[in-house]
Amino acid sequence: MKYFSFLALLVSITLFVFGCSPNIAHRAPGNKFIVVFDEGGDIVLYDRQVNQFRKEKVKVEYRGFAASAATMYLSLEGVCVHPTASLHFHGSIPYPGETKAFGDQLMAKHYNPKLREWYYKNAVHLILITKGPTGQELHDDFGYDLCDV
């Protein structure tokens, strides 16, 4: 498991604040959604998108870097991870009027039981850094499917 550096997080936050988020995720033929680089964002909005993808039976492929709320696609049927994909987890950062527990639970419900247990034990307390497995580790340790290469 690797730690995501504070500097990389700072760069992502700066890009987000100035409206130039570098997310690279797109729809592909065959009702697929490919995640190449997605640093996450508003947990409630990602929850809605996951639910919409579930209704549309969208298949998500993690090919690169995904952090924070972008890991919530893991709950979708047919989701797969490339062995070299890198997923990064941390605890929620609540908006005014929300609690940290609400955000943490909203994210965790999108993980299988084994990953959810790992999240609460290893990542929920992290804020300015993230911790996360590679796609291969998600497969080996948590049972997620590897994508066909």
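**View 1. Helices H4 and H5 cross in a right-handed sense.** A crossing is called right-handed if the near helix is turned clockwise from the far one by less than a right angle, and left-handed if anticlockwise. The model is predicted: local features need pLDDT of at least 70, side-chain atom pairs count only at pLDDT 80 or more, and totals for chains, interfaces and linings use all residues. Residues are numbered from 1 along each chain as its sequence is written, and side-chain values use heavy atoms, with hydrogens and water left out. H4 spans residues 113-122 and H5 residues 135-142; their axes come within 9 Å and cross at roughly 110°. H4 is therefore roughly perpendicular to H5 (65 to 115 degrees; under 35 is roughly parallel, over 145 roughly antiparallel, the rest oblique). Axes are lines fitted to C-alpha atoms, for helices over the stretch in contact, and angles run from 0 to 180 degrees between N-to-C directions. Helices (H or I, at least four residues) and strands (E, at least two) are DSSP runs, numbered from the N terminus. Lys114, Leu115 and Trp118 of H4 meet Leu138, Asp141 and Phe142 of H5, a contact being heavy atoms within 4.5 Å. Four of these residues are nonpolar, none polar and two charged (nonpolar: Ala, Val, Leu, Ile, Met, Phe, Trp, Tyr, Cys and Pro; charged: Asp, Glu, Lys and Arg; polar: the others, Gly among them).

**View 2. Helix H2 packs against helix H3.** The axes of H2 (residues 43-56) and H3 (residues 100-108) lie 10 Å apart, at an angle of about 25°. H2 is therefore roughly parallel to H3, and the crossing is left-handed. On H2 the contact involves Ile43, Val44 and Asp47; on H3, Phe102, Gly103, Leu106 and Met107. Five of the contact residues are nonpolar, one is polar and one charged.

**View 3. Buried residues of helix H3.** Gly103, Asp104, Leu106, Met107 and Ala108 are the buried residues of H3 (buried: under 20% relative accessible area; exposed: over 50%; partly exposed: in between; 1.4 Å probe, protein chains only). Their cover includes H2 and H4.

View 4. Glu61 is buried, with a relative accessible area of 7%. Its side chain makes a polar contact with the side chain of Arg63, at 2.8 Å (a pair of N or O atoms within 3.5 Å; within protein, one must be able to donate a hydrogen and the other to accept it, and residues adjacent in sequence count only if both atoms are side-chain atoms). Beyond its neighbours within four places in sequence, Glu61 touches Lys32, Phe33, Ile34, Val35, Cys80, His82 and Cys147.
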